[in-house]
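Reader: I want the criteria behind each label. Please set the values against the definitions.

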Amino acid sequence: MQLILHPILWIGLFFYCHQAYALSEVFEVYQPISLASDGHNQCAGEERVLVDYDFGNSYSLPYVGFYEPPHCKFDTVRINLTVTSIGRQYDRLAIFYLGDTELWRTSTAEPTSDGIIWTYLKDLSQFNTLWQEKQKIIFDLGNIITDVYTGHYNTTLTAYFSYEDNVKTPDAILPISARRSSQNASSDFELPSDNATVLHRFPPATSRAVVSIAATGQSTEEFWWSNVFTSDSWSFDSTIGELYGYSPFREVQLYIDGMMAGVVWPFPIIFTGGVAPGFWRPIVGIDAFDLRQPEIDITPWLPMLLDNKTHSFEIRVTGLNISESGAVTFSDTVGSYWIVTGTIFLYLDESAPQSSPGRKPISTAPPPEFKATRNLVQNAAGGNETLIYSITAQRTFTVESADYAWRQNLSYSNYGTLNQQGLSQSNLQHTSGRYQLTGGKVLNEVTFDYPLLCNQTYDLDDGLTISAWMRRGLDIEATGGLGISTYTLTSGPLNLHTEQSGTAFYQSTSDDSASYGETKDLFESDANGVSYSRVVHAVNGSVVYDTGN
């Protein structure tokens, strides 16, 4: 990923320091899982090394391997990803596939000259039906090696298998992807240039269906939450050049046969080079090593989908257009680019009564309520000095069949300011919502909050200097539904609160670059009845307080 908040950062902003450090551990604060299992079950101790590879010049050259399941009964699969890197390098996005189906999306830390290491453990039992068969492995981690960017990513991914009488997981899995594994290529779509549409036919015994969506902004869309109205893109061209447009609002949309089936208002991921790299050493940003995939329950669509015909599934990403009068409409496009896939999880029940096939659900999808403000202030010399803008949004969506209803209620606001002729920027954003599936009673309910406050100030007098501070968080409450959620990362109820705050400084000259900072991370979670809490405080790359140790 190239790090972009303003065009001035195209020069290449990476963390590198000549100070001597031992190989240091970088980590995400999250609720840990155990690789241990009951030693009495017949699959305990079974493991497979899925990836053992050095990612150097690897853009469009993913690791390709083959997986064979162990010769024992298992229902639980957990993975261990361990990566080391030494040198200079940007943060990079990585996607792990079995065949054409994305199982996991992660990103890298940025290395130092003395080297870093990180490990992440994850439960991937939700994909149990794929693990039961031989599969092609695609691990896509695009990296570039030059005389400047020297950091390779030495990557080992190991899977551990066991039988633990786990929760019911999907009986069938269908990808919404470009399906390029036969070409030994990554199966992601890149929006808006691609058409992220696939055709699928559902098994007649399908009783429940859920779609997870993975969507990540890159390049001019990596910091979408700091973008401006398109009409203001050249407000500060004499100081910082073009700003990125389509507003700081993004909506990821799912369509079935051209009809809206649900939406996602994305979490603002900040990768380890983001804003100022000194924030993210050794604590990475919230979810940077495990990008959650929000879910849309499409069970109300089953009466229409169980007609033994193929139906289209499409993912779109849109921003906003704001007219001079302040009218707000969907742009139906965004900048370049978003990496997108989806996964359809199907649960089968031969004994369940079947609805009349071909019947469309009743959808209630009024246009979102948007409000926009904008004020451009000039200085005494007539030059643009300060841009103040805001977007607020409310959306409700409901789709109902005879037996099920899916409801979404979403709220969003972003208040942005650029002053000092664009050299200082602040964004205060808040996204919240509730998703609910009912079928006579509440079958699954998820509520969430994504607060974000970020400020950065640039100085271009001698190279590039960035002074930044941030406060951000993630709150999720969920009742728990079928399987293991790709969003809550657990099979049962979840109550999660996590927040990060800190200050950071970055300086780059023609000779060197360095970044340092202070970050506090609070994590409190109760996942399926198991509680975990941790508070970590890091200063200038070293942990000074950690309740987890």
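Reader: How many salt bridges does a search of the whole structure find?

Author: The search finds 15 salt bridges. The term needs a side-chain nitrogen of Lys or Arg within 4 Å of a carboxyl oxygen of Asp or Glu. This is a predicted model, where local features need pLDDT of at least 70, side-chain atom pairs count only at pLDDT 80 or more, and totals for chains, interfaces and linings use all residues. Residues are numbered from 1 along each chain as its sequence is written, and side-chain values use heavy atoms, with hydrogens and water left out.

Reader: What makes glutamate 164 and arginine 78 a salt bridge?

Author: Their closest N and O atoms are 3.0 Å apart. The cut-off is 4 Å, so the pair qualifies.

Reader: Why does the pair of glutamate 164 and arginine 78 tie together parts that are apart in sequence?

Author: Glutamate 164 lies in the loop between β9 (153-162) and β10 (172-176), and arginine 78 in strand β4, so the parts tied together are 86 residues apart in sequence. Strands here are DSSP runs (E, at least two residues), numbered from the N terminus.

Reader: Which two side chains meet in a salt bridge at 3.1 Å, N to O?

Author: Those of lysine 122 and aspartate 290.

Reader: How is the chain divided, and where do the bounds come from?

Author: It is divided into domain 1 (20-166) and domain 2 (167-548). The bounds come from an automatic or database domain assignment.

Reader: How much area do domain 1 and domain 2 bury between them?

Author: About 4100 Å², 52% of it on carbon and sulfur atoms. Buried area is the accessible area (1.4 Å probe) that two parts lose on being put together, summed over both. Gln31, Arg105 and Gln126 supply 19% of the area that domain 1 buries against domain 2, more than any other three residues. Across this interface the rule finds one salt bridge.

Reader: What is called a pocket, and how much space lies in the largest pocket?

Author: A pocket is an open set of points on a 1 Å grid where a 1.4 Å probe fits, with protein on both sides within 12 Å along at least five of seven lines. About 860 Å³ of space lies in the largest pocket. It is lined by 48 residues, and Gln31, Ile33, Asp123, Leu489 and Thr490 are the closest to its centre. Lining residues have an atom within 4 Å of a point.

Technical notes. Points joined across faces, edges and corners; volume = space filled by probe spheres on them. Helix = DSSP H or I, 4+ residues; strand = E, 2+ residues; numbered from the N terminus.
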